[in-house]
Amino acid sequence: MSDKLILIKKRPDFLHVTRNGRKVVKSGFVLQAASSRRSFLTPVYRIGYTASKRIGNAVCRNRAKRRLRAVCRVLLPREAVIGYDYVIIARHAVLEMPYQKLFKELKFALTEIKQETDDVPLFAKNTNE
RNA sequence: CCGGAAGAUCGGGCGGUCGCGAUGCGCUGCAAAAUGCGUAUUGAGGAAAGUCCGGGCUUCACGGAAACACGAUACCGGAUAACGUCCGGCUGGGGAAACCCAAGGGAAAGCGCAACAGAAAAAACUCCGCCGAUGUCUUUAAAGGCAGGCAAGGUUGAAAUGGUGCGGUAAGAGCGCACCGCUUUUCCGGCAACGGAAAAGGCACGGCAAGCCCUAUCGGAAGCAAGACCAAGAAAGGCAUACGCACGUUCGUAUCGCGGGAUGUUUCCGACCCCGCCAGAGGUAGGUCGCUAAAGUCGUUCGGCAACAAACGACGCAGAUGAAUGAUCGCCGAUUACAGAACCCGGCUUAUAGAUUUUCCGGCACC
RNA sequence: CGGAGCGUGGCGCAGUCUGGUAGCGCACUUGUAUGGGGUGCAAGGGGUCGAGAGUUCGAAUCUCUCCGCUCCGA
């Protein structure tokens, strides 16, 4: 596999993560994660970005997604769990937050989810779809 | 120097590291496509916005003519592919000036409207009022009443049938005159809107058309989720006519002729374009094309007051599709506004921190 | 992205075409009837007509420009 991120594109997949996943709230974003309901040939993790109208106009929404993308590109290959779908929802503070603080928040959130999933064996997660 | 008016340009810059979209080239590969890697180039705006107008493009079966309906526009001339845009001018209004603002045709084609107030709201009239010369009555007379005359003044209102002055009269009145306004005619200037002059008319023709309307001009409708192709998947047939096979049923092929069909409605013409009719089934979002080179941008010369046009030269300038621009370091500058292409152009409108610059007007000071 | 429609008291709606008085139902307040409450009866308060310009003597209404919301679309 390459280190390129695979995106979630379908609305049903987004809703699946929101309903069945775990949630970690930080000042800059909300991170949700759940085991994927689709099975791939090679097990991968996927990421989806959400910036709603509450963030602001089109410029603000694009900017929020870009900053989150920049952080995820560095951290996800290291910290993500294979076979999981992640959804990251932007909050208003992400626009003015310093990069180092955002970096720490995401790292903390990812390890929190990783610890919870370590309780369950990995093969059990891929078979529940 | 201070205050003001009208424009024009820009709207963070330079360099390094990691990463993203697109295109070209090379490698990978038997080959093509795809994937991956490397490398080079390139990658949001003046409004990309609102979707308010005008076009291109695509589909609706093609073209032409007439009438009606609906909608839009509206001083004049020009520019333009076109426009409700732009330029120049006219008229009216505002400002001390530079300059700014205006949907600014027609109310003697017709219909309609004007609450409240007021005598009266479009047909003319007389509530208060003025006069009462003339005629007549009362009376010694003055005077008063009536017949009658008048519309100057008053009241209401957004709006009341020319304005000012003089003459005139019983009181008055364009009743007469002067000036201004208005209407008509003629002449002159101008492509025209319109302007100027003269003569005549005693004034007839109130307002609203962003009320219906009239006149002139223009307009078919829907929109790239238009539309074209591919892949995948699914279903059920019945009826009419003709032909083949045929006793018939069944099966297969076809829809000439006849008949029917239009994109506002109706009618007509041409061409001969499309179509058997009824009913049913599946699909809900995969791919490719459309998709960016265009009424293009910049410069010079020339024509024009200008909008703009012509010629020559140079440039090659986003094409995503869960949707590409971020992170970080250094320097300058600065507490950086409004804000992100989605088929493409020309405008309009709205949002916008700040910076640069041109021309003009007024005031003050100096020469 | 494209195309339609709607904004009027606290809530749901008339009135807009055809300009002049903003009205209806529920809710609210007060009084009355009852031992008390509900129902009933009587009276009352409450509206920048989404915002800003224009036309007009006069605008919720006509025209233009903005703001917000809702719906539709291979």
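**Exercise 1.** Find how many salt bridges the model holds, and trace what the pairing connects.

Solution. The count comes to one salt bridge in this predicted model.
- Step 1: The partners are the side chains of D85 and R46, which meet at 2.9 Å, N to O.
- Step 2: D85 belongs to strand β5 (residues 84-90) and R46 to strand β4 (residues 46-50), so the pair ties together parts 39 residues apart in sequence.
- Step 3: D85 and R46 are both buried, that is, under 20% relative accessible area.

**Exercise 2.** Give the order of the elements of chain A from the N terminus on.

Solution. 
- Step 1: Chain A has four helices and five strands.
- Step 2: From the N terminus on, these run β-α-β-β-β-α-β-α-α.
- Step 3: As for burial, 42% of the 129 residues of chain A count as buried.

**Exercise 3.** Work out how the buried residues of helix α1 are arranged around its axis.

Solution. 
- Step 1: Helix α1 spans residues 11-20, and D13, F14, H16 and V17 are buried there.
- Step 2: Viewed down the axis of α1, the buried residues fall within an arc of 160°, so they line one face of the helix.
- Step 3: An α-helix has 3.6 residues a turn, so residues three or four places apart point the same way.
- Step 4: R11 and R19 are exposed on the other side of α1.

Conventions: Residues are numbered from 1 along each chain as its sequence is written. Chains are lettered from A and ligands numbered from 1 in the order in which they are written. This is a predicted model: local features need pLDDT of at least 70, side-chain atom pairs count only at pLDDT 80 or more; totals for chains, interfaces and linings use all residues. Side-chain values use heavy atoms; hydrogens and water are left out. Buried means under 20% relative accessible area, exposed over 50%, partly exposed in between (1.4 Å probe, protein chains only). Helices (H or I, at least four residues) and strands (E, at least two) are DSSP runs, numbered from the N terminus. The arc is that of the directions from the helix axis to the C-beta atoms. A salt bridge is a side-chain nitrogen of Lys or Arg within 4 Å of a carboxyl oxygen of Asp or Glu.
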